[in-house]
Amino acid sequence: MRRGLFCLLLIAGAAHADSSLPPSPLAYTQLADPAQEAEAKALMETLRCLVCQGQSIADSDADMAGEMRALVRQRIAAGERPARVRQWLIERYGDYVTYDPPFSWVTAPLWIAPLALLGIGVLIARRLFRRRQA
Amino acid sequence: MKKLLIWLPLGLFVIVFALVVNGLIEPSDRLVRSAMVGKPLPALRLPPLLPDKDGIDTSATRSGKPRMLNVFASWCIPCVAEAPQLMKLKQAGAEIDAIAVRDTTGDVQAFLARNGDPYTRIGDDRAMRAQLSLGSSGVPETFVIDSRGVIVDQHIGDIRAEDVPKLLAALEKAK
């Protein structure tokens, strides 16, 4: 009896704080044109889900991620360039929405630090090897 | 030189410890603020959701009084919590328009019957397009729009009693 009740508990779903409306068709349907779908998919993988931060909208099942996928697919299908769609979202949510941060004074260390570290590594290695030769 | 180096691990430990303590005392802010604050309200045209209330058409309401634009949904629990504060704002003379996110007429009617109806207009945002074009990342959120149609403020999350004077001040400033 107890075990039966416990199993019933397992069946109960999670409490949802999402709408009961069905998602937009393009949230879970690929575009008919494979080239366009590939473009849209590549873009979706580099856009942040704003509800479940840390996931991309391609990975997330949140309502909002679904609608963002629908928006991306709709715009790509209408012939818009992925860069334009990304820009449209950045204008609204800031650079945080993209996993491919544009180069600016704030993000410069992100791009320059690896190159600088690599350079320092090469210098150190050269000095060490030279000493050994001597 | 060596004497100084001996202190290096302790120094590093202190830095890491300070970072961790700081993270515990002040958890990082995960709110995504709209980048539209300070910019004109984007053109929105949302059909009415209720038979007896206008939808949202920004081209018709561009000028005049400062307004609030409340992004809400009947399925959103914090929206129930903020409803009394919205009623207070309305009683204080605020004009509040609403964007109902992914909602149905019946659900919104039931929500308003239960929690009060502070809204002048309610637009139907079935596919979250208006929400996305406002840079809003959840419900509820409230935007303050000045008399020239520029977004001047964004309140993220439910409006609490202590936020009411702040929002009224923002509305006053937006004249």
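The structure is a predicted model, so local features were kept only at pLDDT of at least 70 and side-chain atom pairs only at pLDDT 80 or more, while totals for chains, interfaces and linings use all residues. Residues are numbered from 1 along each chain as its sequence is written, with chains lettered from A and ligands numbered from 1 in the order in which they are written.

Chain A has five helices and zero strands, where helices (H or I, at least four residues) and strands (E, at least two) are DSSP runs numbered from the N terminus. Along the sequence that reads α-α-α-α-α. Of the 134 residues in chain A, 24% are buried (20 or more other C-beta atoms within 10 Å of the residue's own, with C-beta atoms placed from the backbone). Chain A splits into domain 1 (20–102) and domain 2 (103–134), with bounds from an automatic or database domain assignment. The centres of these two domains, taken over C-alpha atoms, sit 36 Å apart.

Over in chain B, strands E6 (residues 141–145) and E7 (residues 151–156) run antiparallel and are joined by five bridges; strands pair if DSSP finds at least two bridges between them. Ile145(B) has Ile151(B) as its bridge partner in E7(B). E6(B) and E7(B) make a hairpin with five residues between them, and Gly149(B) in the turn shows a positive phi of about 85°.

As for the interface, 20 residues of chain B are in contact with 20 residues of chain A (C-beta atoms, placed from the backbone, within 7 Å). The chain B side comprises 10 nonpolar, six polar and four charged residues. Here Ala, Val, Leu, Ile, Met, Phe, Trp, Tyr, Cys and Pro count as nonpolar, Asp, Glu, Lys and Arg as charged, and the others, Gly among them, as polar.

Technical notes: Contact = placed C-beta atoms within 7 Å. Buried ≥ 20, exposed ≤ 12 C-beta atoms within 10 Å, placed from the backbone.
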